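Here are my notes on the model you asked me to look over.

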Amino acid sequence: DVDAYGSKMPMTQVGTISVPEPRMITINVWDKSLVGAVEKAIREAGIGVNPVVDGQNVRIPIPPLTEERRKELAKVAAKYAEQAKVAIRNVRREGMEAVKKAEGGEDEQKKLSEEVQKLTDEMVKKVDEAYETKEAEIMQV
C-alpha cells in the first residue's frame, strides 16, 4: 500500500502497473506528487527489488532468482496444486453422494459413479501436468 492523500491506498489506485518485459515491472503514477511515496512503498515492502524513478514512471527491474528462491516458489506451486486436488476430491465426494441419491437402478448408479471417478482422475491429471510444467519453468535457469 502507498501513503497517498492521508491514507493507505493500493498501488493499483495510484497508477497503471504493467509488465513490458519478463523481468521488468513499470508503474505509471498518475499524480506526480505521489512518485516518491510509490518508490518508498516498494522499497519498504521487503521484496528485494530496487525501484528506479524516471519522471512519473517507476521501473522495477526483477533480479534473477536464486536457486533457493526457485525451490521456495516450486514449493508454493506444489501447495497450490495440492489445494486444487483437494477441491477436486471434494467435488468428487459431492458427486458420489448425488449418485447415491439419484433415481434409477444399480447399473445406472454404477455407470454414473464410474463417470464421476473418470472425470476426477482426468482433472487430477491436468493439475499434476500443470504443476510439472510450472515447476520446470520455475527451476529453469
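1. Ground rules. This is a predicted model, with local features needing pLDDT of at least 70, side-chain atom pairs counting only at pLDDT 80 or more, and totals for chains, interfaces and linings using all residues. Residues are numbered from 1 along each chain as its sequence is written, and side-chain values use heavy atoms, with hydrogens and water left out. Helices (H or I, at least four residues) and strands (E, at least two) are DSSP runs, numbered from the N terminus.

2. The sheet. Four strands make an open sheet in the order β3-β4-β6-β5, with antiparallel pairing. The edges are β3 and β5, each of which pairs on one side only. From one strand to the next the twist averages 25 degrees; for that angle, axes are lines fitted to C-alpha atoms (for helices over the stretch in contact), and angles run from 0 to 180 degrees between N-to-C directions. Two strands count as paired if DSSP finds at least two bridges between them.

3. β3 with β4. Strand β3 (residues 15–21) pairs with β4 in the antiparallel sense over 5 bridges. A hairpin through 2 residues links β3 to β4. If you want a landmark, G15 has V29 in β4 as its bridge partner.

4. β4 with β6. This pair is also antiparallel, over 5 bridges. N28 stands opposite N57 in β6, and I25 stands opposite I60 in β6.

5. β5 with β6. Here the antiparallel pairing runs over 3 bridges, with V52 opposite R59 in β6. The two strands form a hairpin with 2 residues between them, and G55 in the turn has a positive phi of about 65 degrees.

6. Helix α1. In α1 (residues 35–44), the buried residues are V35, V38, A41 and I42. They cover an arc of only 130 degrees around the axis, so they sit on the same side of α1; the arc is that of the directions from the helix axis to the C-beta atoms. An α-helix has 3.6 residues a turn, so residues three or four places apart point the same way. The buried residues of α1 pack against β1 (2–4), β4 (24–29), β5 (52–54) and β6 (57–61). Just after α1, G46 takes a positive phi of about 70 degrees.

7. The core. The largest nonpolar core has 15 residues, and those with the most contacts inside it are M11, V14, I27, V38, I42 and V58. Two or more residues each come from β1, β4, α1 and β6, and α1 gives the largest share, 4 residues. Such a core is a set of buried Ala, Val, Leu, Ile, Met, Phe, Trp, Tyr and Cys residues joined through side-chain atoms within 4.5 Å. Leaving aside neighbours within four places in sequence, M11 is in contact (heavy atoms within 4.5 Å) with V2, I17, I27, V38, A41 and I42.

8. Y5 has a positive phi of about 55 degrees although it is not a glycine. Y5 sits in the loop between β1 and β2 (7–9), and it is exposed, with a relative accessible area of 57%.

9. A buried lysine. K85 lies in helix α2 (residues 67–101) and is buried, with a relative accessible area of 16%. What joins the side chains of K85 and D128? A polar contact of 2.9 Å does; the term means a pair of N or O atoms within 3.5 Å, where within protein one must be able to donate a hydrogen and the other to accept it, and residues adjacent in sequence count only if both atoms are side-chain atoms. Neighbours within four places in sequence aside, K85 is in contact with V124, V127 and D128.

10. E115 and G95. E115 lies in helix α3 (residues 106–139) and, at 38% relative accessibility, counts as partly exposed. The C-alpha atoms of E115 and G95 are separated by 9.9 Å, with the two residues 20 apart along the chain.

How values were computed:
Buried means under 20% relative accessible area, exposed over 50%, partly exposed in between (1.4 Å probe, protein chains only).
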